[in-house]
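Subject: Structure handover

Hello,

The structure we talked about is below. My notes follow it.

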Amino acid sequence: MSFPKKGNSFHGRGGGRMPPSQGETFAAMVSNVLRISVGGRPSAVKLVARWTGAGERSVKNWFNGSCAPKGDHFRELVRHCPEMLHAFLVSADRHDHLVSAKVNEAEEALLDALAAITRMKR
């Protein structure tokens, strides 16, 4: 019996891929988004493992695209990585929800800006 390799290297596809498309598998979509949004950081695997509570080996498999996160882990990815929600909604062809999410983000940004202006006037 051989034990799995440990290490920090990612095997498989190279980084910097295009945004997810309709024909892409769920695992490939997750891999693509992770590589683009956090893949350039030296501790990307540890960061994503901390976000999700998943093991580092599982997270490496997500980066490789060989496995996809389960429901609870995916929910945590969406919570910490807005690009993941965007990619998921695009892959599910739910552009109506995508517009709603963008409106909510814009509303939050405007409220933050208004609060900052109010503080500056005092």
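**Helix α2 against helix α3**

The crossing of α2 and α3 is right-handed (the near helix is turned clockwise from the far one by less than a right angle). Helices here are DSSP runs of H or I with at least four residues, numbered from the N terminus.

This is a predicted model, where local features need pLDDT of at least 70, side-chain atom pairs count only at pLDDT 80 or more, and totals for chains, interfaces and linings use all residues. Residues are numbered from 1 along each chain as its sequence is written, and side-chain values use heavy atoms, without hydrogens and water.

Helix α2 covers residues 44-52 and helix α3 residues 56-64; they pack at about 115°, axes 9 Å apart. Axes are lines fitted to C-alpha atoms over the stretch in contact, and angles run from 0 to 180 degrees between N-to-C directions. The two helices are therefore roughly perpendicular (65 to 115 degrees).

**The nonpolar core**

The largest nonpolar core has 20 residues, and Leu34, Val48 and Met84 touch the most other members. Such a core is a set of buried Ala, Val, Leu, Ile, Met, Phe, Trp, Tyr and Cys residues joined through side-chain atoms within 4.5 Å. Buried means under 20% relative accessible area, with a 1.4 Å probe and protein chains only. α2 gives the largest share, six residues.

Beyond its neighbours within four places in sequence, Leu34 is in contact (heavy atoms within 4.5 Å) with Gly39, Val48, Trp62, Phe63, Leu77 and Met84.

**Helix α5**

Met84, Ala87, Leu89 and Val90 are buried in α5, residues 82-91. The buried residues of α5 pack against α1, α4 and α6. Asp93 follows α5 and has a positive phi, near 55°.

Best wishes

Notes
Parallel < 35°, antiparallel > 145°, perpendicular 65-115°, else oblique. Buried < 20%, exposed > 50% of the residue type's maximum accessible area, 1.4 Å probe, protein only.
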